[in-house]
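Me: Could you take a close look at one part of this model for me, and walk me through how its pieces meet? I'd like the cut-offs spelled out as you go.

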Protein chains: 2
Amino acid sequence: MSEEFVYPQLELLKPVPSDIDIASNVTPIHIAKIAKHYGILEDEVDQYGKYKAKVQLSIIDRLKDQEDANYVVVTGINPTPLGEGKSTTTIGLCQALGAHLKKTAFACIRQPSQGPTFGIKGGAAGGGYSQVVPMEEFNLHMTGDIHAITAANNLLAAAIDTRILHESTQSDAALFKRLCPEAKDGSRKFAPIMLGRLQKLGITKTNPNDLTQEEISKFVRLDIDPTLITWNRVLDTNDRFLRGITIGQGKEEERFQRKTNFDISVASEIMAVLALSTSLADMRERLGRMVVGPSKAGVPITADDLGVGGALTVLMKDAIMPTLMQTLEGTPVLVHAGPFANIAHGNSSIVADQIALKLAGKDGFVVTEAGFGADIGAEKFFDIKCRSSGLKPNCAVIVATIRALKMHGGGPKVVAGTPLDKAYTGENIPLLSEGVGNLAHHIKNLKKFGVGVVVAINRFSSDTDAEIDLLVSRSLEAGADSAVMTNHWEEGGKGAIDLAKAVQEACLKTQPENFKYLYPLDLSIKEKIETIAKEIYGADGVEYSAEAEKKIQLYTNQGFSNLPICMAKTHLSLSHDPEKKGVPTGFTLPIRDVRASIGAGFIYPLVGSMNTIPGLPTRPCFYEIDIDLKTGKILGLS
Amino acid sequence: MSEEFVYPQLELLKPVPSDIDIASNVTPIHIAKIAKHYGILEDEVDQYGKYKAKVQLSIIDRLKDQEDANYVVVTGINPTPLGEGKSTTTIGLCQALGAHLKKTAFACIRQPSQGPTFGIKGGAAGGGYSQVVPMEEFNLHMTGDIHAITAANNLLAAAIDTRILHESTQSDAALFKRLCPEAKDGSRKFAPIMLGRLQKLGITKTNPNDLTQEEISKFVRLDIDPTLITWNRVLDTNDRFLRGITIGQGKEEERFQRKTNFDISVASEIMAVLALSTSLADMRERLGRMVVGPSKAGVPITADDLGVGGALTVLMKDAIMPTLMQTLEGTPVLVHAGPFANIAHGNSSIVADQIALKLAGKDGFVVTEAGFGADIGAEKFFDIKCRSSGLKPNCAVIVATIRALKMHGGGPKVVAGTPLDKAYTGENIPLLSEGVGNLAHHIKNLKKFGVGVVVAINRFSSDTDAEIDLLVSRSLEAGADSAVMTNHWEEGGKGAIDLAKAVQEACLKTQPENFKYLYPLDLSIKEKIETIAKEIYGADGVEYSAEAEKKIQLYTNQGFSNLPICMAKTHLSLSHDPEKKGVPTGFTLPIRDVRASIGAGFIYPLVGSMNTIPGLPTRPCFYEIDIDLKTGKILGLS
């Protein structure tokens, strides 16, 4: 008894109402109906309320003989702190492809962190008439994935410090007795997870009673070097007071106190693992091999050495399923994983893309978003995410605004929460002409990967035709396949029809086999960093701190030099310096430190100073957020 | 088109398999079917997967003319560290009342903390043939309520320290400009939440531009005393290294660094607020009035003063809905809130009980569990939870085991993870006879509240008939309405039929109007503490530290002396000393410190030394927990 599926008609008001007003005036379609319409079987769906559902990974296997859809990544120029509408464009483009051009088009986007939602930036459901709904469900807990990551990350953290304490206060015999306790009948056995550690130690015995004193000592003592632990605790809160802390100052722990810090959950390795895993088994393996730091002898100590990789997987067992939601026009959205792009790899999950590619099929489209500018989000999309998945994208959409390009041309500083300067609200061809180089640089970079490039000029009401014409011609000069104005914020999918057609064309004419990575994995860590710095950022070279040199040596010795590179760099400039706008030249990229995310599978250089947990402003977004107790409606979310 | 509802038949195996084996061999009934059968309308349910659903508070209003069901609280003697089966009895009793005696019987229980699940104790879904299923859903994230609490708690914490920093680095004018920024047209307005603060300051103006310099200064400066902040950060993880920490050691915050600590999320005030709220509006009000510490002038500063009460409510908007699950025999369970009973008030939510009382109706039963022993969990149930809800319980079930009473009689120490001494595995009348006083003491205490008292002797296979007979007769001597053996762990509801009948009888003969509180609220804080200490614990008196004296004075001056008392005390003894078993006498109760949970609505004395975040043992439960990658089944959860 299949009911007919009707795309909801948007009633477009002017001036465009607030995001929450638009979103809350729409009654979304029941998620079971959305799922059914897009080919998901009843058994493959777990509803979370009426408008969200987890979808199972078994879809990939069920449809394995299905040809993949066209694969499109949405990226951007270096943004102003206000953002240039990348999420909005992703949603608007899918509304156009789906509700207007009648193609099956999945948007694959990241779950937003609660840090920005309650801090400065607000939510991330798109905006205007291009939104994911219900936007409050999307911006709050959604289906709990980030919370699961926080829980898993911090269980591992607790396991590390507690283990150091227990090893320092107990003899080998006492530790062994507790780790492999005697059953009532006097027998002892290893927990299955311990077998991996025994193997790593070269011990092939499977009966605890057979171990020699020396083997017992090797087995029970991880001997983690407390000064070199790289595993931090996390919270999904903008709490700057956790950027530097001392833990272990309780009476019984104070001998083991140490300095450490919290990161925001979306910057955590487990978030990256979730985003990069290709199956439950792959996630289990990655979580187990995550390295928390070296032993005093320099051996990398893993989550599985600590006995906790299985428990982490159990904590993440629901999180590995993407969440199905919908746009304002009833097209499907898969929301999954949410790594920040400046301090992490900035891309939604591989499994969500895989599911969407199968469900959308040969004539369909999967539009996935890479965080921040193309120098970080898109580069990591190609070199980390696509390398991990083996998927070949057809086309990149690069979102540009005239506002941001004027800033790159030397316009006054753009600050969130203060009114825009006049330079941005009237025609200014010289400023735009000066700034368009930033866009051209990104277009040239994207072409290096062998994909089609479409420029989406995200229109603001103050933009003039002359400005848009200039941008179109300069984009084509720089090598873009096409450049089109898009007005989806004001008009929903209807406003993005030209963009949708340009994307269709670019996909048709691009050969996926032309797709290539920027660098091969077998270069040294330094060679890979230098390739990205010179080819993508335009740096003259790279300089390394002593700390960075030491870490590169350590990771190379440990056999980790074959991994791709995930640069932690500001999104506000092509360079490491957020103040350098346009196309900076003549700079040397400073590498302050290097970390390794072995479970996620990348080396992680810190470029300049990067905060790994944001702060709150004097008046955070939360001042406006409340519930109308009469109607139950959420107020003030944006 | 109603399908017939059939209670699942249990196939009882001997020996009883492991909890996870029993649980995972049952296919639960779809939660939509459970909801429908127990009278919940389709619109009142939000599914979370196939076997969990949030139920809406509007049920209470829809059924307001319905008479309430019988209201039964399950409590216990002072337990061994192994626990004496209170949750298991709650579930078994409901299985008996529902599936065997064909009454509508809701179990209302707490959501377990992930701390114990991955630490020492394991999960809390009951055990044997009396369990909530799916037990892994119950023991893991469930529907995310505890995660919402963690997020809300820590957003408030971040707001406190960041506000102190901003106030210290900005002029009055700068703060005001940011808190009430100019719009494009030059106008300014207060956020609605600011009006409460203005009112508290006696400022009746509503236009920011009308404030005098002095009023601006009063408005923008909360002037929180950083040395007296009582709001801690929380995690739902057993992380002992967070018992004492220094925060704010990042470069930009180090002038404001201070010592603090994390508590476990289930001990947080927001957890207590969730458990004690009677509606969404009530929760909004409580969250807003939570006090984080005094200003330097001694004025209590609240979440609403910080502008965050609305955002906290939005974070908690789904958490306020109880989660519907089911027992192994298909009877309904409402899981909601999870405060620990030793360091918090230890009772599941009021709204879950209210919903269940309406749904079960006049002839039905609602069985709710109060944490740990009757000296803490049940006393707080009566004096805090029932006082807040206005509900009158009919009957208390007190769970006792022969094992624990032998321990109270002087038996050897019982330690988790090590085999039980012989004293516990064979008949030992003298030891039991000596220890039964602990049970008698609790029976007498419970009778003071005017409720029926039924003793449930939770049977172990090693218990002898002579031992059980002794317990029955001594229980009746002490004033219990009845005392029955129950065998639900081995037999499910069938094993608890006698208990169910005894509960029915006790409810029939108890007059709810006989129910009374232990103390009136208008006693002084000290008088209330002393009443509980003497009447319930059997102390000779109470002694207060200088810190406690100071706080009692502070809270009395601030007008908070009219609140009930939530004692934070060990559950392992009637006294403050976990080593004192049986019925300790001749002791003076030491009050180390006193705190105030103004949003939850209680004063919170710390008795002796209490850890507010547990630690992990050398071999935590997580060693056994994993996923079978072939079947997807969870392994090792207990």
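Reply: Happy to! Across the interface of domain 1 and domain 3 of chain A, the rule finds 3 salt bridges, where a salt bridge is a side-chain nitrogen of Lys or Arg within 4 Å of a carboxyl oxygen of Asp or Glu. Lys448(A) and Glu535(A) form a salt bridge, with their closest N and O atoms 3.3 Å apart.

Some ground rules: this is a predicted model, in which local features need pLDDT of at least 70 and side-chain atom pairs count only at pLDDT 80 or more, while totals for chains, interfaces and linings use all residues. Residues are numbered from 1 along each chain as its sequence is written, chains are lettered from A and ligands numbered from 1 in the order in which they are written, and side-chain values use heavy atoms, leaving out hydrogens and water.

The same interface of domain 1 and domain 3 of chain A has 9 residue pairs in polar contact, both residues at pLDDT 80 or more. A polar contact is a pair of N or O atoms within 3.5 Å; within protein, one must be able to donate a hydrogen and the other to accept it, and residues adjacent in sequence count only if both atoms are side-chain atoms. On the domain 1 side, helices H15 (374–389), H16 (402–408) and H18 (437–447) of chain A are the elements that give two or more residues; helices are DSSP runs of H or I, at least four residues, numbered from the N terminus. H15(A) gives the most to that side, with 6 residues. By class, the side of domain 1 that touches domain 3 has 9 nonpolar, 10 polar and 6 charged residues, counting Ala, Val, Leu, Ile, Met, Phe, Trp, Tyr, Cys and Pro as nonpolar, Asp, Glu, Lys and Arg as charged, and the others, Gly among them, as polar.

As for the extent of the meeting, 25 residues of domain 1 of chain A are in contact with 22 of domain 3, contact meaning heavy atoms within 4.5 Å. Between them they bury about 1900 Å², 61% of it from carbon and sulfur atoms; buried area is the accessible area (1.4 Å probe) that two parts lose on being put together, summed over both. In domain 1, Asp375(A), Ile384(A) and His441(A) lose the most area to domain 3, together 23% of what that side buries. The centres of the two domains, taken over C-alpha atoms, are 26 Å apart.

Technical notes. Domain bounds come from an automatic or database domain assignment.
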